Amino acid sequence: MSAPPRPIAVVEQPHQFEPLTPALQLDPLRESTRRIFEKSAALRGAASEPVRAALREIVRSMNSHYSNGIEGQSTHPAHIERALRQDFSARPDVAARQRLALAHIEAERELEAGVSTEAAALSSDFVQQAHRSLYARLPDEDRRTEDGRTLVPGALRQHDVAIGRHQPPVWAAVPRFLARMDEVYGRLKGVDAVLYTIASAHHRMMWVHPFEDGNGRAVRLQTHCALFPLSGGLWSVNRGLARDRERYYLALDAADAMRQGDLDGRGNLSESTLRDWCHYFLAMCEDQVDFMTRMLDLDRLKDRLHAFVLLQGATSGGSEYRPEAVLPLQMVAAAGSLSRGEFTRMTGLEERTARKVISRLLKDGLLRSEGHRGVLRSGFPLHTLGILFPNLYPEAGAAVMD
């Protein structure tokens, strides 16, 4: 005769998810944090502000693609680019994913503008704002849950749930758990504890599962914004997490473990597995900083611009992609902007020919300008990324099935 199933423990008191940060063996985490801060500062100084602004737009699109992909609702980058132009697919399923991707990009931009400190971004108010900012942009039909309910943007869940083997707190206790997180993470100060605190908050917020649906997206938006004062929007830990989705979920799951004896901290949950999660998270951060540093190496970027112009000139059939355009394009990337007269003089071309070159580069998005007489700045449209920033967003080069 089989034994009856063991009852699931009721989770209703905040002590059941302590500790909220690791307290022991912190030196390696602090050393990693200092390296990441130094590398991020160097990265922010490696390119002009107009180039950084163009890259932030790519990172937002990437974050949307990868965060939704983690949830099994990936949107092809070409569809995201079309959605940014308000061009939606005739297929309802594709159009719904486009709307979700666009809402994610717009929410991230709005939330970034409101970040004051890392501690403020880790607050329960902020994660509710993230959920609201994302889902309030979607029509009712895009907010239907699998059981037929309509998700209320920013609202805490009103019923109990089970997530695989994990039993989140009962719904009525969620505000108590969030209040405890605010108490601990709101004390965040200084540099050394920033990244492992953000990592811990990411796990514990996912553990609480405060919303009926959309928890992963809202928490990753929160995490991105908590990192924004450091990253400047130039690198994203979400890219690293999504590119090994299975390992990400395994790492989250491992940090759910119960305390393993007297040497494993003083809380109900395991301190050692939370610390392991923090090491994993910081390694992802450092990997992404290192990757973007290679991408923004100015000498290499100049070489890739040269290669792109020559390739387009050989394959596009247009006479506007000329070798004479390489030097001013490189200068735009280095200096941030050039006037149209400066760009023309640097080509050495006859003025009428140079205007055609500029017009084509603007049309194709490799240059950007506000108005017909505005200064010229760098642009990095989707079709250029495979050469200009190889492996940054490889999904952008995949075939579109629509």
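**How α4 meets its neighbours**

Mentor: Let's start with α4 and α6, whose crossing is right-handed. This is a predicted model, where local features need pLDDT of at least 70, side-chain atom pairs count only at pLDDT 80 or more, and totals for chains, interfaces and linings use all residues. Residues are numbered from 1 along each chain as its sequence is written, and side-chain values use heavy atoms, leaving out hydrogens and water.

Trainee: Why are α4 and α6 called oblique?

Mentor: Helix α4 (residues 92-113) and helix α6 (residues 124-135) have axes that come within 8 Å and cross at roughly 140 degrees. Under 35 degrees counts as roughly parallel, over 145 as roughly antiparallel, 65 to 115 as roughly perpendicular, and the rest as oblique. The pair is therefore oblique.

Trainee: Which residues of α4 and α6 meet?

Mentor: Among them are Leu100, Ala103 and His104 in α4, and Phe126 and Gln129 in α6; contact means heavy atoms within 4.5 Å. By class, this contact has seven nonpolar, three polar and one charged residues.

Trainee: And what angle do α3 and α4 make?

Mentor: The axes of α3 (residues 77-84) and α4 cross at roughly 70 degrees and come within 9 Å. That makes α3 roughly perpendicular to α4, and their crossing is right-handed.

Trainee: Which residues of α3 meet α4?

Mentor: His79, Ile80, Arg82, Ala83 and Leu84 in α3 meet α4 residues including Val94 and Gln98.

Definitions and conventions. Axes are lines fitted to C-alpha atoms, for helices over the stretch in contact, and angles run from 0 to 180 degrees between N-to-C directions. Helices (H or I, at least four residues) and strands (E, at least two) are DSSP runs, numbered from the N terminus. A crossing is left-handed if the near helix is turned anticlockwise from the far one by less than a right angle, and right-handed if clockwise. Ala, Val, Leu, Ile, Met, Phe, Trp, Tyr, Cys and Pro count as nonpolar, Asp, Glu, Lys and Arg as charged, and the others, Gly among them, as polar.
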